[in-house]
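Good morning, and thank you for coming.

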Amino acid sequence: MSPSLLPSAEVASDSACLLNSGLFVCDQLLAAATRENDPAALDAALDFRLVLARRSASPETIIRAFLILRDVVQERHYLACYRLRRWLESQFHARVQCGRCGEPIRVALRLDLPCFEAICDRCLSAALVSPTRGRLTQLHFVRAADEQLVS
Amino acid sequence: MKATAPADSKTKTDSTVVAALNLYLADSYALMALTHHAHWNVEGPGFFSLHKAFEEQYDHLFETIDEIAERIRALDAYALGGLRAFAKEAGMEEFPTGPLAAKDFVAGLVVAHEKALADAVALRDAAGNVNDLETQDMAIGCIQWHQKTSWMLKSYLKAV
């Protein structure tokens, strides 16, 4: 998966951005999986792309789909997984609220953990909440863009 | 052999070229800092080879940075300076402090090289547009180095 390294001047800075945008990276991964005739990678990448392209998909659904994709392709396509991970980390964050009246705490997402539950535990730890959280502790994943619209 | 433009020619002090040089200067300084950070904090089975490779890369960048800044001065303009200014101008994502997988250091540097490469290409073309062949020649050398370094970094990430 190696896009041309000689973009023209007009698209020079755009190409640097494109290389790290979710759908673009996913499409590059699909192309690589097709060339390599890898049905498992193709399936996982297609599923992830469908979820990503669906505006109504929840952040949790997208993250879970990414983790499945990562498990299938990371060994052969580490750079692509890295780009997707960093892109998702820039697009989403976690919001932790302890109790009904607690102030929501925004927590940056780090997806370099083995499973969804570990990611949740890290978010709770970062918000200084015990991983064995009480029933009233709420953890949500939020799109950064949606929060900006609301505020 | 085509003569170079006179020293007081407009082409020598074109603000587009100077702006592109200053942006690339910032990129190079930021990339040097990222590479140095990776050199310090990389861990794991690939430590010795990566630690040494990163050192060679930031040493190269340290020399390049000086050449770029002095080229700006030769064009009778002023070079950008200061960590805050470089970081803001380059806009490169930094590594977190703390443990990080070796492959994440390598992948992060690939991404940073891509940004620097894109700006080196823009510099090359800006210099070419005003017939500043000397700056263009310098930019071409930088492009070649980024391409070679990116190839090496990506090779490390490939599963064998």
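Among the elements of chain A, helix 4 has the highest mean pLDDT, 96, whereas helix 1, residues 12–18, has the lowest, 52. Please bear in mind that this is a predicted model. For chain A as a whole, the mean pLDDT is 83, and 79% of its residues reach 70 or more. Over residues 1–14 of chain A, pLDDT stays under 50; the model has 27 contacts beyond four places in sequence for this stretch. Where pLDDT is low, the predicted coordinates should not be read in detail.

Let us turn to the domains. Chain A is divided into domain 1, residues 13–90, and domain 2, residues 92–150. To the contact between them, domain 1 of chain A gives 8 residues and domain 2 of chain A gives 10 residues. On the side of domain 1, the elements of chain A giving two or more residues are helix 4 (59–73) and helix 5 (78–91). Helix 4 of chain A supplies the largest share of that side, 5 residues.

Finally, I move to chain B. Helix 5 of chain B covers residues 133–157. Which residues of helix 5 of chain B are buried? They are T135(B), M138(B), A139(B), C142(B), H146(B), T149(B), S150(B) and L153(B). What covers them includes helix 1 (15–41), helix 2 (47–74) and helix 4 (102–129) of chain B.

Technical notes: Residues numbered from 1 in each chain as written. Chains lettered and ligands numbered in written order. Predicted model: local features only at pLDDT ≥ 70, side-chain atom pairs only at ≥ 80, totals over all residues. Helix = DSSP H or I, 4+ residues; strand = E, 2+ residues; numbered from the N terminus. Expected span 1.5 Å × (residues − 1). Buried ≥ 20, exposed ≤ 12 C-beta atoms within 10 Å, placed from the backbone. Contact = placed C-beta atoms within 7 Å. Domains from an automatic or database assignment. pLDDT = per-residue confidence, 0-100.
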